[in-house]
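Here's a quick tour of one model, written for someone who likes cut-offs spelled out. Have a look at the sequence and the coordinates, then read on.

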Number of protein chains: 4
Amino acid sequence: MTESKTAVHFGRPQSGWRLRAFTIIFESDTRAGRNFDLLLIAAIVASVLVVILDSVDALTASHKTLFDVLEWGFTLIFTIEYVLRLVCIRHPWRYATSFYGIVDLLAVVPTYFAFFLPQAQVLINLRLLRSLRIFRILKLIEYVSEFRFLGSALKASRRKITVFISFVLITVAILGSLMYVIEGPRNGFTSIPVSIYWAITTITTVGFGDITPKTDLGRFIASCIMLMGWGILAVPTGIVTSEMTAQRMTRSFATRTCPGCLAQDHDTDALFCKHCGKALPADPRA
Amino acid sequence: MTESKTAVHFGRPQSGWRLRAFTIIFESDTRAGRNFDLLLIAAIVASVLVVILDSVDALTASHKTLFDVLEWGFTLIFTIEYVLRLVCIRHPWRYATSFYGIVDLLAVVPTYFAFFLPQAQVLINLRLLRSLRIFRILKLIEYVSEFRFLGSALKASRRKITVFISFVLITVAILGSLMYVIEGPRNGFTSIPVSIYWAITTITTVGFGDITPKTDLGRFIASCIMLMGWGILAVPTGIVTSEMTAQRMTRSFATRTCPGCLAQDHDTDALFCKHCGKALPADPRA
Amino acid sequence: MTESKTAVHFGRPQSGWRLRAFTIIFESDTRAGRNFDLLLIAAIVASVLVVILDSVDALTASHKTLFDVLEWGFTLIFTIEYVLRLVCIRHPWRYATSFYGIVDLLAVVPTYFAFFLPQAQVLINLRLLRSLRIFRILKLIEYVSEFRFLGSALKASRRKITVFISFVLITVAILGSLMYVIEGPRNGFTSIPVSIYWAITTITTVGFGDITPKTDLGRFIASCIMLMGWGILAVPTGIVTSEMTAQRMTRSFATRTCPGCLAQDHDTDALFCKHCGKALPADPRA
Amino acid sequence: MTESKTAVHFGRPQSGWRLRAFTIIFESDTRAGRNFDLLLIAAIVASVLVVILDSVDALTASHKTLFDVLEWGFTLIFTIEYVLRLVCIRHPWRYATSFYGIVDLLAVVPTYFAFFLPQAQVLINLRLLRSLRIFRILKLIEYVSEFRFLGSALKASRRKITVFISFVLITVAILGSLMYVIEGPRNGFTSIPVSIYWAITTITTVGFGDITPKTDLGRFIASCIMLMGWGILAVPTGIVTSEMTAQRMTRSFATRTCPGCLAQDHDTDALFCKHCGKALPADPRA
């Protein structure tokens, strides 16, 4: 069995309970490992829900104790998990300084801090970083072929999207500055960054309406921005769609040639030429 | 004649007027049955329109009596229809406890309640459930091939859309929490659920503007969310479009069956089976 | 020369200055006719611009006389044109009662009315109907092949778009009613029609923000509507795009079969089989 | 070496340091020229950032001196660059009167003006024209094939987009006038131009909410505009997407030339010329 990247980097233990713990916690190709992942994700989602509901004043007033108990429960579970992760690998320091290591630590530290240092209550919001752990879900989602399809379509369009975003940013900077000069601070365009924020609001068709042009010229230019944004909106859609259509087509065409009549365009599952009935060579990609 | 699923489930009567009533009310493959369906849909649409107009204060003031008469008319029609449905099947209880059975009951009960128990006036709003009956229209719409085309395109993209929606929900939860920490209750982001509601408002480019960022950092992050939402917007469009394009192309492929190995999915231009090499029958459409 | 539909319907004069006038005014396949159309469109656009600018208080204050002179100028031009149209055809009544005939009359009548009956000043707004004449431009635009392409793509998707719009209307009616029950008049959802207006505002991602949900449940449902609207937005785009892609492809593929090797998929401009080099039969569509 | 268009138009010097300066400043096909372009773009972006930050009151209060020093630094750099550009070409006047020549001058003049004529402080905003220089970046971006792909897709759809925009403008003018008549000045639709601005806001789904319909009829028409805008939104997306899909497919066709009749555009699987039937050379990419 070849070792995974994680196993090599953090050091898979040789044997004993530490190897079993490593297999369960860090790997997901065994039944136990996958169950652990699912349980962990459930715990993360639940703990994030508690943090979210804890921020609603009406609920905190009536369920203070319940939230506190749940909060401490999740903190203990995540603390145990964090210690286990450190204990069952050979290079604990590498894990502690990795991205997920720091996120895992930040998921539990704020609760202890707020308990021992009551004046550090504001830090409690750092618990929200716990939600970053949700991205571990993506590790699982990657098994879903649909996600790979989406991911590869986006990845293939990466450069086009970058070029497109830079073009949009330049346009937005120029238009924002223009509106700052035309409308000025008295109509809510208090500075160029604020005007650029307004231009982004408008070109993406979000249109909050907290800042709006009041002068005739400003409204005329705003109209142009909107119509332009409409056309520009078509570009990312076109990029992603044509990428997806292309990927779908690539998957379904083979390029074998019939030895009898030299016809091409045979399906991937074809064994005989559809034109002359001769046996086809094996598909090199199959 | 094979019995339909409805006929088997609710029990088609053997003969007599009950069989005739059953054919008209529950089935739509006869002329009378289809006419009944169209009349019923007209009655539902009209009764929903009355409920809708009844909610406008200006109209209620001047046309109170007209609305009351119409309301009682529709209630009587729907009551008779409900009783007929129960009477003409062999398992009335199965129908009464089915989804449409409950909806049909809820369509008439509130009017009687409000009449006999004046203090239960608030329940009158339950009449709105009557609008759920409109979905019976879909039963008819299904005959329209255009709808089947749309439906199957959406169904085929079901898993991709699920993956996409979960990704959007995670993103929105993280961004909402972030904005709650940055902007806080003093700028309208009173709790994390409210902030998530704001993030959804922004990422879908709806942008109500009832809650808007006021700090510079908040506006910067809002700008990022908007530009991101723009790109993300391209994904569902890409999914549905490439699915539709693919289906349109699939439809242009023939569905001949090989006389030798019974394989299908041969290209329109295939003369020999691609699996066993036997000659194919001529394409009936060519 | 075959007579056009217009010529047959309104009656083309036999000869003389009336025939010359008819050719210039009603037909656009001569040089003079086309020039007349272009001049007329210029006059319509200019007169509409005058009406538009006349509505701006700041401009009316300072340029009252100029606007009045221009207004009378255009009214006289359009009156002469209207009389000429009536005079140079054999069935003037058919024209006077046709759609464009009524529009042409309404374009000049309000100015005379407002002059002779000062108390009928409000009717002056009817001048705006003049803008309907702009649709004559479309007669010209039809010559542009790009427009035909757009038009036929939209026409081909007509039934799908109808089905889609009915589905959206049902959804919006149900969601609007639901929000009316949840939020009620105290939060701005004063009646079901207003709530449906709000639901359309939200599902199309316009999001004015004049009416917004205030309760937690209302905001939750609003979030669902927004995410749904996002997905639904993809459907019309998918319909139109796949229609356009299909039309583009149909235009470029022929379906001739090579008499030598029976291969298909030859380009429209192919004279010899690309597989065996034999001469191809003539393209039936060419 | 063939001379570039720039070289011909402005006159490339024969030799000496002026030729070296010309090669570095005006051309970008040498290493030094490309480095100069990159440095210049960095300076433009930095100077624009300074102007942007200078507009934020909070920052100006604390960093006035820093901004002034940077401002003068960039002004000096751009002045030297401007003089060098004039000196190293043979027709300096042609450059000074070209578009970029004027922009380059306007990028430095306002700072000197504001220094020598303190009362001309308002002109300082002209410095923002400096941001137009950013478009020089596009000269570089053109080397990126992704941009060429986007650009040619947009260019190919140019006529379709023009037709589409004119159609949208006519629609918006008619709907705006209609809403002006229905809602009138008391509901914020103060003039027809303002109503057209509102119609554009709505049809592009931006929906600021600064002006909203208040009457029932106005809201009904607004709902129609929104649903229509939704459908119309699909058109530019469809145009761009089908153009991109088509271009992607065209690229996958080979460009072999027939040795017999010099025809091109043969399919990848073609063995014989489709025009004259001669055998084709092997596809170099196969």
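## Annotated spans in chain A

Let's start with residues 161–182 of chain A: the span is 100% helix and 0% strand, and its end C-alpha atoms lie 31 Å apart. For residues 72–93 of chain A, the end C-alpha atoms are 26 Å apart, with 82% helix and 0% strand. Helices here are DSSP runs of H or I with at least four residues, strands are runs of E with at least two, and both are numbered from the N terminus.

Both spans come from UniProt, where an unreviewed entry lists "transmembrane region" at several places in chain A, including 72–93 and 161–182. UniProt positions follow the numbering used here, feature names are shortened, and annotations may be inferred rather than shown by experiment.

## Ground rules

This is a predicted model, where local features need pLDDT of at least 70 and side-chain atom pairs count only at pLDDT 80 or more, while totals for chains, interfaces and linings use all residues. Residues are numbered from 1 along each chain as its sequence is written, chains are lettered from A and ligands numbered from 1 in the order in which they are written, and side-chain values use heavy atoms, leaving out hydrogens and water.

## Helix H11 in chains C and D

H11(C) (residues 192–203) has twelve residues and reaches 16 Å from first C-alpha to last, close to the 16 Å expected at 1.5 Å a residue; that expectation is 1.5 Å times one less than the number of residues. Eleven of its twelve residues are buried, so H11(C) is largely enclosed by the rest of the structure. Buried means under 20% relative accessible area, exposed over 50%, and partly exposed in between (1.4 Å probe, protein chains only). Among the buried ones are Tyr197(C), Trp198(C) and Thr202(C).

Over in chain D, Thr202(D) sits in helix H11 (residues 192–203) and is buried, at 0% relative accessible area. Leaving aside neighbours within four places in sequence, Thr202(D) is in contact (heavy atoms within 4.5 Å) with Val206(C), Phe208(C), Ala222(D), Ile225(D) and Met226(D).

What phi does Thr205(A) take? The value is near 60 degrees, positive in a residue other than glycine. Most residues other than glycine have a negative phi. Thr205(A) lies in the loop between helix H10 (192–203) and helix H11 (216–252) of chain A, and is buried at 2% relative accessible area.

Thr205(B) also has a positive phi of about 60 degrees. Its loop runs between helix H11 (192–203) and helix H12 (216–251) of chain B.
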